[in-house]
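Hi everyone, thanks for coming.

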Amino acid sequence: MAKTVAAWRHVALAMIVAGSTSAASAQSSDGSFMSSRRFMQRDGEVIYLTVCQSCHMAAAQGAVGAGAYPALANDPKLAVAGYSVLVVANGSKDMPPFGALLDDEQVAAVVNDATRDIGSLQMADNAVAEKSVAAKYSRKSARHVTKVSCRPELNGLTLSFS
Amino acid sequence: MTGQRTAPMSRRRLLAMIGIAAGSSAMYQAMTTMGLAAESTYNGPIRLEGDPRGASVVILGAGVAGLVAAFELHRIGYKVQMLEYNDRAGGRCWSLRGGDRFTELGGFQQTCGFAKDLYFNPGPWRIPYHHGGILDYCKRLGVSLEPFIQVNYNAYLHAQNAFGGKPQRLRHVLSDFQGSVAELLAKAVSQDKLNQPVTAEDKELLLAALRQWGALDPNYAYKAGVLSSDRRGYERDPGGGLNGEAVPSEPLPFAEILRSRVWYRLALGQIYNFQSTIFQPVGGMDMIARAFVREIGGLIRYNAKVTAIKQDDDHVTVTYVDARTGSTPATVSADWCLCTIPLSVLDQIDLDVGAPMMNAINAVPYGAAAKIGLQFKRRFWEEDEQIYGGITYTDLPIWQIGYPNTSYGSSGKGVVLGAYVFDSPYAYEFTALPPEDRLKKAVEYGAQIHPQYKTDYENGIAVGWHRVPWVLGCFGRWTEEARKQHYENLCAIDGRIVLAGEHVSNIPAWQEGAVLSSLDAISRLHRRVVAS
C-alpha cells in the first residue's frame, strides 16, 4: 500500500534536513546550487525538495497567504498523464514555466515523483507516458522561454534588475 | 578581419564594431547617444484637471502604486479608501530592522536580530537618477536620499575557478581587460588589418582614442608602468617624503581574464539603470512608504485580505476578511476601484472583469528572487579591505555581496547584503531551504570571498520571494509574446476597475514602474470621471 504523499514527504524532509546540517558539501552531491542557468539535480525527489518545495511546501501541502499555492497531495488532476508535465514545462497562471531550466528527463522525474502516490496509474507506465509528453512539451516551452525579456542572462547579456 | 568592402561604415556596422570591441554596454551607450534608447516618461507632478464631484475610489494594496494613487486622488477631492493585506504600508518597498518579524508561507518565522539603525531592503534597494517619478515623490515628501554605490572599483569580481579562487579588484580586471583589448585593436588598426572603411583621418583618431581608453603607452602597448597603474592602482602607492616612490603594478594575464569570465560583469555599471548617480533613501527603502503614510495613512485599512471584487453599472464592491484570522467578512463600496494587487494573488480572487483582462491577469507568471541580509560585528570590508559601499560580484550561488552605502567608517556592526539572486535556479534553491539554512549557505559562500565571515558573522534574515505571503513571487515576469497579446488588456479600464503596479508597466520589478503605471491609471480614470 502506497504511503500518502504527505507522509512520504515528511520522511524525505527529515532526511534532507538531517543531511543539510553537515555543511555545503551537500550542494555537489545532490546537484543543487551548481548552475545559475539550469537545474542540475537529476533525481525527481531531489528536484521536488530543492525546487518545487519553494511554493508547494515540504509535504506538498501548499500554503495560504493573500493568495495560495495549491496542495499537490491527493490532487487527482496530477495523475492524468501529460497534465503535470504541461504545467511544469509551460507554467500556469502565476506559476513560472520550468521548461527552459529543466530538461525532459528532469521534468519527467519530478512529475513522476510528485504523482507517484496519486491515482491508480501504474508507476512504470506513468513514467513512460510522462517522459514522452515531456519530450514534446518541454522543448516547446524552452523555445518560448528563451525570449523572456527579464532574464538576467538573456543570450549572455546582462540586463538590469532593481 | 580582412575584407574587400570599401563602403563607408554604416551606423549599424559601427555599432556592431563597438559592441565587439567594448562590450554590449558600450554599444548601448552609443545607441543612447544616437537617440535610439528609451528615456523616462515622467513629466513632473501629475495635473488632474477637473472636479471629481465627490467621486469615490477604493484602492486595493498600499504599495508604491496604491500610495501614489491615494495621495494624488485624495488631494484633488476624491473620497479614498484603501485596503492592505499587511499590517504596514509599502508592499515590496520594504525594510527589515532589529525586532521586525517576518513569517513566510509554510510557517517559518524569522525575527530580525540587527542592531539599532541597521537595516536590509528585501525588495528594491536602488533608484536610478532617471527614475524621475519615484525621485520626485521622494522630493515632494521630504525623503532624504544618499548615493547608492553601484560601481566600486575596489570591490571584487570573483570566479571560483579563476585566479586560484582569489577575488580580484574590479580596478584590476577592468583596467587590464580594457588595456589589453585596446592594445589588440590598436595593433590591428595600425597594421590596417581591419581593412575596413575607417578613413585615414578616422584611423588616427581611433588610435588616439584607443590609447586614451586603454591607457596604452606611446607604442600602443598596455603594460606595467605609470600609465596602467594610474588606472589599476600601484603595487605600492605613491607616498610622501623618503621612500615615497610609487611602485607600478603588474597587469593580470589577458588570457586568464578571458578564461575567468569575470568580464561578464564589467559592463554592469554602464547599464542605463545602473549608471551613476543612483540613490537610496537614508535609513531604508521603506522611508518612502512611511512618508506617504504620514500624508494619507488615515485612509488605509490594514490586515484586510480581499476575497472578491464585484462591479455593476454604478459601483464596485470589495469583500475582505481579516488577514490574520480569515474571518469577519466586510465590504466596501466605491464608484471606482484601482487595484494594485499582484497578479499572482489577483488571479485567485473572485473578480468581476471581462475575459480580456482576466486572460491578461492569468498570463503573467511571477519571477523568483532571494535576498539575504547578514550582520557582522565589525565593518571588516572597510577596515581590512577599503571597500566603501558598492557590490562584489561572484559566480558563487550568492551572486553578489552588497556593502552598506552609508555610515562609512563607523565603528561597530554593519549589515551586508549577503546574497541577491533572481530569475535563476539559485533563487528557487535558496527559497526551498529553511531560512536558517539559507543563512548558513550565504555565510559559507561569502566566506570564500571574505574569510572574516567565519569570525565576524552574527545573525541574518533571508527572504525567498516565492514565500512572501502577499505577493507569491518577486515581480511580474512578462514575456515579449505575453506582452504583445495581453498588456493593453491589462492596462485598459474594465467597467469601473483599473489595475496598477510594476506588473502594469514596461519597467517590471522597479518602483518607477509602479509609479508610472499608477499615474497613467489615475489619469485615465480621472478623465472618465470628469467626463461622466
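Before the strands, one convention: two strands count as paired if DSSP finds at least two bridges between them. Please also keep in mind that this is a predicted model.

With that in hand, look at strand β2 of chain B, residues 79–83. Strand β2(B) pairs with β12(B) in the parallel sense, over 2 bridges.

In chain B, 5 strands make up an open sheet, in the order β12-β2-β1-β16-β23, and the pairing is parallel. Which strands sit at the edges? Those are β12 (300–301) and β23 (497–499) of chain B, each of which pairs on one side only.

Next stop, helix α4 of chain B, covering residues 132–141. Its buried residues are Gly133(B), Ile134(B), Leu135(B) and Tyr137(B). Among the elements of chain B that cover them are α3 (64–75), β7 (127–128), α9 (287–296) and α17 (511–531).

Finally, the two chains together. Here 39 residues of chain A are in contact with 53 residues of chain B. On the side of chain A that touches chain B, α3 (44–56) and β2 (68–69) of chain A each supply at least two residues. The largest share comes from α3(A), with 6 residues. And what is that side of chain A made of, by class? There are 20 nonpolar, 14 polar and 5 charged residues.

Definitions and conventions: Residues numbered from 1 in each chain as written. Chains lettered and ligands numbered in written order. Predicted model: local features only at pLDDT ≥ 70, side-chain atom pairs only at ≥ 80, totals over all residues. Contact = placed C-beta atoms within 7 Å. Helix = DSSP H or I, 4+ residues; strand = E, 2+ residues; numbered from the N terminus. Nonpolar A, V, L, I, M, F, W, Y, C, P; charged D, E, K, R; others polar. Buried ≥ 20, exposed ≤ 12 C-beta atoms within 10 Å, placed from the backbone.
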